Number of protein chains: 2
Amino acid sequence: MNIYLYNTISRTKELFKPITEGYVGLYVCGPTVYGDAHLGHARPGVTYDVLVRLLRKLGYKVRYVRNITDVGHLEHDADEGEDKIAKKARLEALEPMEVAQFYTLRYQEAMKKLGVLPPSIEPRASGHIIEQIELVKKILDAGYAYISNGSVYFDVVKYNKNYHYGVLSGRNLDDTVENTRALDGQDDKRSPFDFALWKKAAPEHIMRWPSPWSDGFPGWHLECSAMSEKYLGKTFDIHGGGMDLMFPHHECEIAQNTISRGNSGVHYWMHNNMITIDGKKMGKSYNNFITLDQLFEGTHPILQQPYSPVTVRFFILQAHYRGTLDFSNDALQAAEKGLRRLMAAVKDAPKLETASGADHSEEIANFREKIFEALCDDLNTPIAISYLFEVVKMVNSVKDKSLKIGEKDRDAIVSLFNDVVTDILGLVDDGASSSDTKILEGLMEMILENRREAKVAKDWAKSDAIRDRLKQLGISIKDTKDGCEWAVN
Amino acid sequence: MNIYLYNTISRTKELFKPITEGYVGLYVCGPTVYGDAHLGHARPGVTYDVLVRLLRKLGYKVRYVRNITDVGHLEHDADEGEDKIAKKARLEALEPMEVAQFYTLRYQEAMKKLGVLPPSIEPRASGHIIEQIELVKKILDAGYAYISNGSVYFDVVKYNKNYHYGVLSGRNLDDTVENTRALDGQDDKRSPFDFALWKKAAPEHIMRWPSPWSDGFPGWHLECSAMSEKYLGKTFDIHGGGMDLMFPHHECEIAQNTISRGNSGVHYWMHNNMITIDGKKMGKSYNNFITLDQLFEGTHPILQQPYSPVTVRFFILQAHYRGTLDFSNDALQAAEKGLRRLMAAVKDAPKLETASGADHSEEIANFREKIFEALCDDLNTPIAISYLFEVVKMVNSVKDKSLKIGEKDRDAIVSLFNDVVTDILGLVDDGASSSDTKILEGLMEMILENRREAKVAKDWAKSDAIRDRLKQLGISIKDTKDGCEWAVN
């Protein structure tokens with residue numbers, strides 16, 4: 001099956017051709033671990049997880065590398081300010097690596113809740129200082145970097161004479177002036193466009209390593225070039241990340257790769273779009289900054305209730321990854337309802353009644369084809385989900401007996417749900433674990449029998465009381481002609 | 001409160017005096033991540049977790065460093081054979097770091113199940129190559145190492161002339177001959193006692209870094225010296241590990257530290273003893289090698305049933321960490337029963353009936369004192385647990401009304417259970433989560449009411465049927481004079 005991916009660098013959807021048939025190398029920029037995971041982490045987490053799951057379902061062997069930035073990411077991207085992790089460590093009187101450990105575990109935990117599978121390799125920036133130093137040496141040897149007061153800077157001005165600094169983001173060097181501050185004369189840089197490859201550490205700076213130039217630490221952009229080459233080779237298939245990383249981070253990666261490896265290093269650049277909250281950019285200053293735990297626990301003022309991780313995942317997948325995504329309480333409410341309908345059909349499918357002679361195989365095969373076509377069309381999850389709801393309708397028609405299907409049809413529906421809902425979209429029923437479920441189902445059976453007996457005895461007060469008490473426990477029941485259905489809210 | 005720890009190096013229990021009042025630096029040797037966590041990992045995991053929890057309860061700020069060995073641990077400790085992780089990677093056609101990532105996550109997951117809190121810092125050997133190279137340089141400069149064909153070896157023979165190689169394990173150099181093979185003339189070492197600080201990589205070796213001596217990788221013993229110094233300083237309080245690591249691993253650490261730091265680096269050496277299974281050493285050749293997952297799932301032939309992680313934790317704590325611990329199905333059965341009795345009392349304590357005028361404050365204070373005394377006496381958890389069962393007896397006496405206690409007594413018991421059972425021993429009820437529990441309790445209330453009504457109506461058949469159906473679901477009920485108690489098995 002052909003996969004098409006929108007390649008940021010060509011601004012077109014391209015047919016995906018792996019470098020080595022059957023294998024895919026994927027690198028995605030991971031978190032800087034100095035605070036709790038928030039909505040801005042959930043989107044790339046889920047997006048590239050679905051990409052990996054889809055590729056694996058289609059038979060590719062994927063090596064997925066997602067880094068942990070635990071050093072070198074300064075407060076201001078322009079090589080100034082304090083290291084984000086060191087600052088947090090200073091404020092909390094901890095060793096920087098205690099901060100990194102704490103938030104790495106929190107991040108991994110949050111991703112796990114969202115159903116995001118762990119990457120194949122999760123390299124730390126601080127664990128690859130040698131590789132970064134070697135890379136700086138190469139760029140220096142090639143003449144595209146200079147040493148200044150113990151720090152090393154990439155010479156963007158020189159680079160831009162021979163190559164295009166801005167090839168990814170579509171900028172020209174002049175456009176970037178707005179993003180850089182004028183040099184104040186104290187700066188070690190020759191030009192404000194240049195960026196740090198190695199920074200000499202101030203005496204009080206804790207995170208430091210020896211290098212040929214100074215005791216210091218690597219520039220932020222360097223780690224991704226060093227670690228992607230180490231684990232995926234000089235040229236690899238796909239590089240993903242949030243759109244906010246396109247400039248300057250990915251642009252700098254390309255410049256580094258071009259000089260050190262002789263090519264930009266990456267065949268397909270993918271960027272997920274940003275999220276907004278009630279139409280506004282998320283930020284501490286907007287008072288709408290929502291961590292994932294706040295979302296899962298419903299403890300942020302804009303939220304009416306907690307939203308389960310799988311609801312958040314489903315909500316993210318209802319939009320295409322290249323469009324902006326607006327989080328609001330209402331939108332999450334709607335996602336929760338839709339997800340419940342989908343998961344009910346997934347649960348009911350294996351138990352559907354079948355009729356001999358009935359045959360909808362063509363229709364179901366067509367749904368499958370459309371769904372995979374959508375997923376392979378630059379990961380169009382909203383279209384894929386809309387077709388899934390056609391299958392949900394079919395399931396519900398069988399349930400209310402307005403449609404008959406054959407045994408093979410049922411099997412095809414179950415297999416489609418398994419492949420797409422469970423394996424690729426990674427949506428799971430967020431109810432209790434299986435042994436708890438068994439107990440719950442057993443107890444409910446006993447209670448509903450009791451209610452049935454009350455009804456047979458025309459003891460309506462009792463039958464209503466049972467319904468009301470269940471409701472108090474958060475269990476709703478619905479009488480059907482075949483008996484009674486129930487669900488935990 | 002005074003804490004006494006058995007210091008392996010002095011072979012006596014010593015009063016614990018931290019280097020900096022109020023702070024404790026602790027380093028524990030973690031796993032080599034090339035296979036699933038097994039019983040041999042559970043014991044140090046739980047032992048040092050209880051140490052950290054106790055120290056924190058007593059008001060210490062603990063920095064707990066536990067490493068991940070992802071490079072350098074060769075198949076045979078004597079600097080020969082293949083790297084354990086590289087070998088696994090070769091067999092499974094993976095990048096070594098994919099193997100390390102996979103088993104690191106599995107290990108962390110298993111520790112989490114066992115209630116082992118994550119360490120403050122979890123440094124990787126591969127992430128600290130620079131620090132290890134710097135350490136090799138220091139030892140070379142001091143004249144206690146030599147370069148041979150691109151590898152660097154620690155000169156044990158020279159070291160032993162000025163210091164005692166064997167100070168921790170109590171061996172003399174001559175005793176160690178049995179553990180070393182004769183040199184075959186091909187070896188780069190001057191003496192079979194010497195150990196590798198840096199190994200030149202064979203051409204096919206994937207895990208390699210540049211160094212002043214060769215492209216290669218660090219010797220296994222080096223990482224712990226480098227990482228403990230980096231995160232805990234030149235001298236720190238406690239170093240823990242399994243008894244099997246005492247020689248040669250910890251002995252080599254001491255030799256490295258002595259030369260590079262001027263002292264052995266550690267004030268208190270703690271070693272947990274080994275485990276056996278049905279009286280035999282655990283090993284693949286004995287066919288009794290049990291992974292933690294097999295234990296939790298009951299999938300090993302010697303196990304009659306699954307044992308919950310908290311049962312395994314309790315079982316480990318029932319023995320003193322310096323004694324051997326024999327795992328058997330019968331012993332686990334007994335532990336499970338004991339744990340259930342303890343956790344029932346912990347659950348019942350806050351609901352105990354109190355009587356005005358009753359006062360057992362002295363008795364309860366005495367239990368608390370004895371329990372803390374035991375824990376502070378070189379972590380004597382079996383004695384602490386035996387006193388806990390005295391408190392359990394008290395709780396049960398109040399429940400069966402043979403004893404009356406006051407409100408303050410009840411509060412003191414609850415607080416004792418919180419501090420010791422929950423916080424220090426880390427034992428938690430392994431039942432369902434709180435919201436599930438609420439539903440379960442609500443449904444059980446409805447069902448037991450129904451049974452009560454049947455009994456009042458003398459409908460014994462119905463009342464028995466309810467009991468039997470609950471039993472099938474794994475819920476046992478017990479009639480008491482006040483009504484009916486129930487428990488999920």
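**Close-ups of a predicted two-chain model**

**View 1. A salt bridge between A:R106 and A:D293.** In this predicted model, the side chains of A:R106 and A:D293 meet in a salt bridge, 3.2 Å from N to O. The pair ties together distant parts of the chain: A:R106 sits in helix α3 of chain A and A:D293 in helix α8 (residues 292-297) of chain A, 187 residues apart. A salt bridge here is a side-chain nitrogen of Lys or Arg within 4 Å of a carboxyl oxygen of Asp or Glu. Helices (H or I, at least four residues) and strands (E, at least two) are DSSP runs, numbered from the N terminus. Over all chains, the structure holds 63 salt bridges.

**View 2. Where chain A touches chain B.** The contact (heavy atoms within 4.5 Å) takes in 51 residues of chain A and 50 residues of chain B. About 4,000 Å² is buried between the two chains, 58% of it from carbon and sulfur atoms; buried area is the accessible area (1.4 Å probe) that two parts lose on being put together, summed over both.

**View 3. Charged links across the interface, and the chain A side.** Between chain A and chain B the count is 10 salt bridges. One of them joins B:R469 to A:E445, with the closest N and O atoms 3.6 Å apart. Elements giving two or more residues to the chain A side that touches chain B include β4 (61-66), α4 (129-141) and α15 (460-472) of chain A. The largest share of that side comes from α14(A), with 13 residues. By class, the side has 25 nonpolar (Ala, Val, Leu, Ile, Met, Phe, Trp, Tyr, Cys and Pro), eight polar (the others, Gly among them) and 18 charged (Asp, Glu, Lys and Arg) residues.

**View 4. The largest cavity.** A cavity is a set of points, on a 1 Å grid over the protein atoms alone, where a 1.4 Å probe fits but cannot get out; lining residues have an atom within 4 Å of a point. The largest cavity has a volume of about 400 Å³, the volume being the space filled by probe spheres set on the points, with grid points joined across faces, edges and corners. Of its 27 lining residues, the closest to the centre are A:E122, A:R124, B:E122, B:P123 and B:R124. The α3 helices of chain A and chain B (96-113 in chain B) each supply at least two lining residues.

**Notes.** Residues are numbered from 1 along each chain as its sequence is written, and chains are lettered from A and ligands numbered from 1 in the order in which they are written. Local features need pLDDT of at least 70, side-chain atom pairs count only at pLDDT 80 or more, and totals for chains, interfaces and linings use all residues, while side-chain values use heavy atoms, with hydrogens and water left out.

How values were computed
On a 1 Å grid over the protein atoms alone, a cavity is a set of points where a 1.4 Å probe fits but cannot get out, and a pocket is an open set with protein on both sides within 12 Å along at least five of seven lines; lining residues have an atom within 4 Å of a point.
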